[in-house]
Amino acid sequence: MILEIKVLGAEHLEDVLKIEEECFSKPWSENSVKELLLSEKAELLGAFDGDRLIGYSCLEWVLDEGSLTNIAVSDEYRKMGVGSQLMAALMKTAEEKELAFITLEVRVSNLPAVNLYRKFGFLDVGTRRNYYDAPREDALLMTRYIK
Ligand SMILES: CC(C)(COP(=O)(O)OP(=O)(O)OC[C@H]1O[C@@H](n2cnc3c(N)ncnc32)[C@H](O)[C@@H]1OP(=O)(O)O)[C@@H](O)C(=O)NCCC(=O)NCCS
């Protein structure tokens with residue numbers, strides 16, 4: 001696999017939605033993804049195997065506060081380092097934008113994601129009771145300090 005990480009634009013809407021639906025019980029709506037792809041306060045990074053989008057991440061920010069709102073890799077490409085490459089590229093963007101920190105929420109049972117975040121220096125900072133539904137579950141809150 002020749003992996004390439006690129007910033008996504010409106011032309012990638014359908015491909016992002018396909019991965020959303022594959023990976024999440026409550027996928028983002030078409031409108032939310034469209035807005036994010038056009039936003040100047042968000043960056044979606046895509047991982048490509050040739051022309052095929054196989055994963056993406058989303059970083060949003062307000063002033064110097066970042067929020068990692070999503071990361072997903074197509075099932076058949078998991079455990080091959082794609083998520084790590086997306087995270088590394090996202091951290092680079094966060095540094096370039098001079099963000100002070102990045103926060104995120106993740107299902108407490110989502111070990112692959114929690115482990116990935118820990119690998120990139122995110123610390124556990126709290127929980128939010130019953131934050132998710134379908135199925136109902138607590139969120140673990142994590143923060144990565146940059147400055
Ligand atoms: C989380 C996710 C993006 C990881 O992507 P990936 O490409 O498989 O990740 P990588 O291969 O780069 O693995 C990086 C690290 O993640 C962790 N990890 C990945 N898969 C794991 C698994 N099945 N079990 C435990 N840890 C795992 C490990 O720490 C791994 O590091 P290591 O290879 O040094 O052990 C992927 O599993 C996914 O898309 N999950 C569904 C969507 C999702 O839940 N996103 C998070 C929303 S908050």
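Modeller: We will go through the strands, the core, a helix residue and the ligand shell.

Modeller: This is a predicted model, where local features need pLDDT of at least 70, side-chain atom pairs count only at pLDDT 80 or more, and totals for chains, interfaces and linings use all residues. Residues are numbered from 1 along each chain as its sequence is written.

Biologist: Which strands does β2 pair with, and how do they run?

Modeller: Helices (H or I, at least four residues) and strands (E, at least two) are DSSP runs, numbered from the N terminus. Two strands pair if DSSP finds at least two bridges between them. Here, β1 (residues 3-7) and β2 run antiparallel, joined by five bridges. Leucine 3 has aspartate 49 in β2 as its bridge partner. β2 and β3 are also antiparallel, with eight bridges. Leucine 45 is partnered by serine 57 in β3. Two residues lie between the strands of the β2 and β3 hairpin, where glycine 50 takes a positive phi near 65°.

Biologist: Is β2 mostly covered or uncovered?

Modeller: A residue is buried if 20 or more other C-beta atoms lie within 10 Å of its own, exposed if 12 or fewer, and partly exposed in between; C-beta atoms are placed from the backbone. β2 is mostly covered, with six of its eight residues buried.

Biologist: Which residues of the largest nonpolar core touch the most other members?

Modeller: A nonpolar core is a set of buried Ala, Val, Leu, Ile, Met, Phe, Trp, Tyr and Cys residues joined through C-beta atoms within 7 Å. The largest one has 30 residues, and Leu44, Tyr56, Leu86, Leu90 and Leu104 touch the most other members. Elements giving two or more residues include α1 (13-23), β2 (42-49), β3 (52-62) and α3 (82-96). α3 gives the most, five residues.

Biologist: Why is lysine 18 called partly exposed?

Modeller: Lysine 18 lies in helix α1. Lysine 18 is partly exposed because 13 other C-beta atoms lie within 10 Å.

Biologist: Which residues of the ligand shell are the closest?

Modeller: A residue is near a molecule if its C-beta atom, placed from the backbone, lies within 6 Å of it. The ligand is surrounded by 19 residues, and the closest are Arg78, Gly83, Ser84, Pro112 and Asn115. β4, α3 and α4 (111-119) each give two or more residues. The largest share, six residues, comes from α4.
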